[in-house]
Amino acid sequence: MGLLTGGLPDFPWDTLTPFADRARAFPGGIVDLSVGTPVDPTPTLVREALAEASDSPGYPTTHGTPALRQAVVDWFARRRGVRGLDPAAVLPTLGSKELVAFLPSLLGLGAGDVVLHPSAAYPTYDVGARLSGATPEPTDDPAGRLTQGGDVRLVWLNSPGNPDGSVLGVDELRAVVDAARASAHPVVVASDECYAELAWDEPWASAGVPSILDPRVTGGDLTGLLAVYSLSKQSNLAGYRASFVAGDPALVSRLLEVRKHAGMIVPGPVQAATTAALSDDEHVATQRAVYGRRRRVLRAAFEGAGYAIDRSHAGLYLWVRPESGDQDSWATVADLASLGILVAPGAFYGDAEHVRVALTASDQSIAEAAARLSGA
């Protein structure tokens, strides 16, 4: 079962159209909090780096420039507590979504192989397994599932989580790694960590969100482990598709060889821009403060309007449900659309109770959404 016969699900966002139309009809128009796409300017230093590298007539290197890979190594040491990473074990990617979608295929998975992913999860983990012909399996206990044996070949972790903002601590990460390494056959553990710089609650806000590559997790051994990261969130670079994967040198080497053959290469100017972004922490702190302010406004407004916020410890979303009752997520989407506010139903992510509310709207739009909630 391959790409053309994998039984892919329908693209879920198309089903939001009637609710978007209802929200647009509200006096004052729609406040769209359904998609986590950045709206703030790309930092000047990044745009300047892109422009300076724009004379780029030759093919870029698939492995990334030495400067880019060293910037990733330095960033991991400085921001994530991961020191001594081999620059050869870093690989730039065309956004993190393409790697999530194609990692099972790049690893050679197929029929009979199982890919674990969080129960409440971004749909691409499921889609990536199907594209390779493998079987996706949601679970809230990957370590426990691994001890049951079977044909698990890849475990996707997502911390901080999209959509629910949950965070896995060192002990939880280490339990998954230990269970994978105790398996009768090799199991890759890949951790999607692209919201790691946007932690709101303690202890993560002060201590940082731990990486799957953290030595407290790995015991100093990166075998079978990959961390996936994107600059879309922390640096407003969604349009640049600036991302990377790092970890086990043997796994990264395998991915590199396949990507060379497939021509999956990050453009040279984007590599230069990524290098600049990773080398500057100030713009990240500034953007984090902006999202923190918007989060406080929205959280207070939803709670004041009778909604509960679950988890949401980190990331770009609030995981919201009505405080009383047992309402389906689509009914909540409809309620909010009647106020001109569009959100994403938890049904998109495997949860029938919550809705996902993005912080990625302008200050003016956030304030408008809060005012509508207060007047509801």
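Tutor: Happy to! Let's start with D201, which is partly exposed at a relative accessible area of 22%. Keep in mind that this is a predicted model. D201 forms a salt bridge with R295, and their closest N and O atoms are 3.8 Å apart. That contact falls inside the cut-off, because a salt bridge here needs the side-chain nitrogen within 4 Å of the carboxyl oxygen. The pair ties together distant parts of the chain, 94 residues apart: D201 lies in the loop between β6 (188–192) and α8 (204–207), while R295 belongs to helix α13 (residues 282–304). On the arginine side, R295 counts as buried, with 9% relative accessibility.

Now look at R259 and E98, whose side chains meet in a salt bridge at 2.6 Å, N to O. This pair also links distant parts of the chain, with R259 in helix α11 (residues 249–262) and E98 in helix α4 (residues 96–106), 161 residues apart. R259 is buried at a relative accessible area of 0%, and E98 is buried too, at 12%.

R24 and D21 form a salt bridge with their closest N and O atoms 3.1 Å apart. They sit three residues apart in helix α1 (residues 17–24), so about one helical turn separates them. R24 is partly exposed at 49%, and D21 is partly exposed at 45%.

Finally, salt bridges can join up: D40, R293, R294 and D363 are linked in a network. Across the model, the count comes to 20 salt bridges.

Note on methods: Residues numbered from 1 in each chain as written. Predicted model: local features only at pLDDT ≥ 70, side-chain atom pairs only at ≥ 80, totals over all residues. Heavy atoms only, no water. Helix = DSSP H or I, 4+ residues; strand = E, 2+ residues; numbered from the N terminus. Buried < 20%, exposed > 50% of the residue type's maximum accessible area, 1.4 Å probe, protein only.
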